[in-house]
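Welcome, and thanks for taking a look at this one with us. Please have the structure open while you read the briefing.

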Amino acid sequence: MINNVRERNPMPEQAREVRCTNFNEVALGYTEADAIREAMRCLNCRKKPCVAGCPIHQQIPEFIARVAEGDFEGAYDIITVRSTMPSICGRVCPQEQQCEKNCAHAVKGEAVGIGRLERFVADWYAARHPVSAPQVEKKGKKVAVIGSGPAGIACAGDLAAMGYDVTIFEKLTYAGGILTYGIPQFVLPNSVVDREIETLKARGVEIVTGTPIDKDKSVDDLFAAGYEAIFVGNGADVPQPPRGLDTSLTGVWSANDYLTQVNLHNDTLPANIKDAKRVLVVGGGNVAVDAVRCARRLGAETIMVYRRTIAEAPARRDEIAHTYEEDIEIRELTNPVSCYSKDGVLTGVKCEKMVLGEPDESGRRRPVGTGEYFDVDCDNLVIATGTSYSDAVVDTTTGIDKDKWGGIATDASGKTSRPGVFAGGDAVTGPQTVVKAMGAGKQAAVSIDAYLSGR
């Protein structure tokens with residue numbers, strides 16, 4: 001039976017006035033009844049346009065049909081054929097720009113809540129099943145994975161399931177990469193990421209933290225230690241601040257550093273974050289939205305500025321809606337150009353008013369300066385205008401080529417120019433979505449298996 005209601009079933013959420021006082025997850029998740037009602041909206045289109053919009057070509061109508069029948073376990077079995085991290089992807093992937101964008105319901109109403117249903121199925125399963133992994137026959141071959149973000153987790157998990165002895169090397173103190181350090185708990189709780197890490201360990205994956213792969217411990221050293229193939233999934237986490245903004249001032253933060261402090265050190269925050277009275281966040285992506293919502297929860301007056309209009313912003317629509325709901329000011333067509341300071345401490349930012357010109361290479365209209373300026377007083381400035389590639393692995397390893405943009409050059413299978421070395425995720429493409437990084441890690445696992453099997 002199909003439910004032709006044009007509006008999706010609302011997501012239960014913390015009340016606005018409550019959630020701004022805590023870091024608990026805002027979206028509370030569908031109940032079983034909610035999920036079944038939403039799943040019944042799926043038209044099971046013959047051409048399956050939603051599948052075409054998914055980077056990993058998830059079998060969306062099939063799993064949704066199981067949900068509509070109340071067969072949640074069967075839905076989970078379908079999802080996990082292609083997805084390593086459904087509980088994470090269901091929360092943080094921009095479904096409205098991918099699978100849901102192609103939903104037939106989106107023509108005259110709201111798309112089926114595909115991401116919400118994926119999250120429901122994964123959470124339902126996790127609540128009823130302990131972390132476990134089937135026993136597999138070992139191949140007696142070692143593979144190293146550099147980075148424990150989405151690409152590394154996906155690659156390591158699939159390789160372990162094939163029988164390889166896998167070790168992940170993570171430069172930071174905790175595993176999870178951007179999932180742990182870069183996404184606030186009110187969007188992605190640590191408990192969800194921790195379950196993915198525990199699942200990896202159950203499959204026999206060893207995770208070595210606090211161990212960067214660079215000049216002190218290189219790819220060459222890993223080969224010498226007996227690893228027969230290596231996957232590089234170390235992301236792209238080098239901040240790229242706009243020209244004119246003085247990042248040396250106290251109170252000026254890259255979004256990566258700011259979110260890391262909030263996510264991991266909430267009880268021992270630096271004074272100039274904890275005591276900030278007015279926080280200005282620059283950017284229009286998910287990272288900017290995450291940062292400004294963190295500042296709001298820490299008690300600051302908050303402003304987010306974006307050089308285009310919000311209609312062009314790449315952030316998820318749900319997250320932008322939450323930003324407005326939480327009484328955060330968003331100033332469109334505003335571009336910070338310089339900082340004001342006293343004795344090395346930030347006191348404010350000079351901004352230029354922008355207008356939209358002709359479309360650029362992204363298809364969005366290009367912001368053009370008007371020559372009209374105004375000042376914004378603030379004691380924290382968080383810059384969330386993008387990141388670029390880390391050279392730590394490539395520049396300390398012989399034989400790995402870069403592409404013209406500075407990422408690791410690979411073919412479609414994830415092979416680099418050096419035999420036995422594969423790469424994927426943001427280290428290759430630059431910052432992308434979690435599901436795209438996961439898909440790259442899974443593809444690399446297939447390629448590594450073929451390489452080590454002599455195929």
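Predicted model: local features only at pLDDT ≥ 70, side-chain atom pairs only at ≥ 80, totals over all residues.

Two helix pairs are described, α2 with α7 and α8 with α17. The sheet is an open one of five strands with parallel pairing.

**Helices α2 and α7**

- Helix α2 spans residues 32-39 and helix α7 spans residues 114-128; their axes come within 10 Å and cross at roughly 145 degrees.
- The crossing in which α2 passes α7 is left-handed.
- On the α2 side the contact is made by E32, A35, E38 and A39, and on the α7 side by L117, F120, W124 and R128.
- Sorted by class, this contact of α2 with α7 has five nonpolar and three charged residues, with no polar ones.

**A closer look at L117**

- L117 sits in helix α7, and this residue is buried, with a relative accessible area of 0%.
- Apart from neighbours within four places in sequence, the contacts of L117 are Y30, A35, E38, A39, F63, I64, V67 and V112.

**Helix α4 and its buried side**

- Helix α4 (residues 60-68) has I60, P61, F63, I64 and V67 buried.
- The packing partners of the buried residues of α4 are α2, α3 (49-53), α5 (72-82) and α7.
- After α4 comes G70, which has a positive phi near 80 degrees.

**Helices α8 and α17**

- The axes of helix α8 (residues 150-162) and helix α17 (residues 434-452) come within 7 Å, and the crossing angle is roughly 35 degrees.
- This crossing of α8 and α17 is right-handed.
- From α8, the residues in the contact are P150, A151, A154, C155, D158, L159 and M162.
- They meet V434, A437, M438, G441, K442, A444, A445, V446, I448 and D449 of α17.
- By class, the contact of α8 with α17 has 13 nonpolar residues, one polar and three charged.

**The five-stranded sheet**

- The strand order in the open sheet is β6-β13-β7-β8-β9, and the pairing is parallel.
- β6 (252-254) and β9 (329-331) stand at the edges with a single partner strand each, so one side of each has no neighbour in the sheet.
- From one strand to the next, the twist averages 20 degrees.
- Three bridges join β6 to strand β13 (residues 380-383) in the parallel sense, and V252 has L381 as its bridge partner in β13.
- Helix α14 (residues 286-297) lies across β7 (278-282), β8 (301-305) and β13, and runs at about 165 degrees to β8.

**Helix α15**

- In helix α15 (residues 317-325), the buried residues include E319, I320, H322 and T323.
- These residues cover an arc of only 160 degrees around the axis, which puts them on the same side of α15.
- Among the elements that cover the buried residues of α15 are α1 (16-19), α14 and β9.
- D327 follows α15 and has a positive phi, near 60 degrees.

Methods. Residues numbered from 1 in each chain as written. Heavy atoms only, no water. Axes fitted to C-alpha atoms, helices over the stretch in contact; angles between N-to-C directions. Helix = DSSP H or I, 4+ residues; strand = E, 2+ residues; numbered from the N terminus. Left-handed = near helix turned anticlockwise from the far one by under 90°. Contact = heavy atoms within 4.5 Å. Nonpolar A, V, L, I, M, F, W, Y, C, P; charged D, E, K, R; others polar. Buried < 20%, exposed > 50% of the residue type's maximum accessible area, 1.4 Å probe, protein only. Pairing = 2+ DSSP bridges. Arc of directions from axis to C-beta.
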